[in-house]
Each structure stands twice: as structure tokens, then as C-alpha cells.
Amino acid sequence: VIGNMVVQSLSEKAYDSSDVSYLKIIGSYAAIALKNALEYNKMEQIAIYDSLTGFLTRGEIIKEGNKIKQEFSTNRKEFCILMLDLDDFKYINDKYGHVVGDNVMKMLANNISNHIRSSDYIGRYGGDEFLLICPNMSMENAFSLAERIRKSIEETKFYIDGDNYIN
């Protein structure tokens, strides 16, 4: 069921069987239109957001970066771009498998999300690379943010099953 269609009248027996037939046809077309809209929305979400991390896709983060660069160049405001690369992430996939690697990637994304502002933009640039764009941030604050993220990831135990974890 995609939805409900309700047709009412103040008059008793206002509709005959031909009216019901027309309403069924209209309902079918409306259902198809709603289903197409939902499918389009799903495809749009897939194109914009990385399914594993929930971050912007590579194309979208670059698009946002270009918009911010243009806006901030015009207004002479500062912004910073950070590239985050997870060292030896391939080792996790090779040793524990891609399911564990995906779970660790989700935990890493959550960890990174806890350190950035709602005004920042983050995207998955590559397999284990992330691009973080920070509008209205000085270079000094960007270095501090990068260090906090690095230290947090370094100190976090990413549990792969039960008591086993990866640092």
C-alpha cells in the first residue's frame, strides 16, 4: 500500500459504479506517480550520500567545495579543507574481511562526525580517504581539529566482535 484515497460526498449514494471505476484509474495513476517519486528520491540519495558512511559522495563533496570556494573568494572569508587518510585500512579488509572493514568504516565515520561542526561538509573521497571542508575556520583551528580527529581515532577501540578490537 502506497497510500489511501478518500472521496466523500454529503449526498447519499452520490457515486455510481462508473464513478468508482474512474476513481480506481485515478488511484492507480496516483500510486504510480508516488512510487516513481519515491524511487527517484532513493536514487538521488544514493547519488548524494555514501551508503556506508552517510557522508557526501566524492562528486558531491567536490561540488560543495567549489561552491564554498566561489562564495568565500567573493566575500574574502576564510575556510579550510582537510584531507583525512586512514593509514593501513586495507590491512583490516585483508585480514578480517570486508564485512568487518565496513563495520569499522561505519564506526570511524561516526567518530569523525562527533568532532565536526554542523556547518562543515564531509565527503568520502576514496576508499579510506575523506575530504572535510570547514567554512569560517582559521588554519590554526583546522590544525587543532585535524589533531583532535587523529587522536580520537588513534585512541578508539573499534570492536570487531565480542571482546576483539582494532586500534
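This is a predicted model: local features need pLDDT of at least 70, side-chain atom pairs count only at pLDDT 80 or more; totals for chains, interfaces and linings use all residues.
**View 1. Helix 5 over the sheet.** Helix 5 (residues 139-155) lies across strand 1 and strand 3, at about 25° to strand 1. Contact here means heavy atoms within 4.5 Å. Axes are lines fitted to C-alpha atoms (for helices, over the stretch in contact), and angles run from 0 to 180 degrees between N-to-C directions. Helices (H or I, at least four residues) and strands (E, at least two) are DSSP runs, numbered from the N terminus. Residues are numbered from 1 along each chain as its sequence is written, and side-chain values use heavy atoms, with hydrogens and water left out.

View 2. Three strands make an open, antiparallel sheet in the order 1-3-2; strands pair if DSSP finds at least two bridges between them. Strand 1 (79-85) and strand 2 (121-124) are at the edges with a single partner strand each, so one side of each has no neighbour in the sheet. On average, neighbouring strands are turned by 15° against each other, direction ignored. Zoom in on strand 2 and strand 3 (residues 129-135): they pair in the antiparallel sense over four bridges, and isoleucine 122 has leucine 132 in strand 3 as its bridge partner.

**View 3. Helix 4 against helix 5.** The axes of helix 4 (residues 98-113) and helix 5 come within 10 Å and cross at roughly 140°. That makes helix 4 oblique to helix 5 (under 35 degrees is roughly parallel, over 145 roughly antiparallel, 65 to 115 roughly perpendicular, and the rest oblique). Leu108, Asn111 and Ile112 in helix 4 meet Ile149, Ser152 and Ile153 in helix 5. Those contact residues split into four nonpolar, two polar and no charged (Ala, Val, Leu, Ile, Met, Phe, Trp, Tyr, Cys and Pro are nonpolar, Asp, Glu, Lys and Arg charged, the others, Gly among them, polar).

**View 4. An aromatic pair.** Searching the whole structure turns up three aromatic pairs, meaning Phe, Tyr or Trp (six-membered) rings with centres within 6.5 Å; planes under 30 degrees apart are stacked, over 60 edge-to-face, the rest tilted. For phenylalanine 55 and phenylalanine 130, the centres are 5.7 Å apart and the planes at 85°, so this pair is edge-to-face. Phenylalanine 55 is in the loop between helix 1 (17-48) and helix 2 (58-75), and phenylalanine 130 is in strand 3, 75 residues apart.
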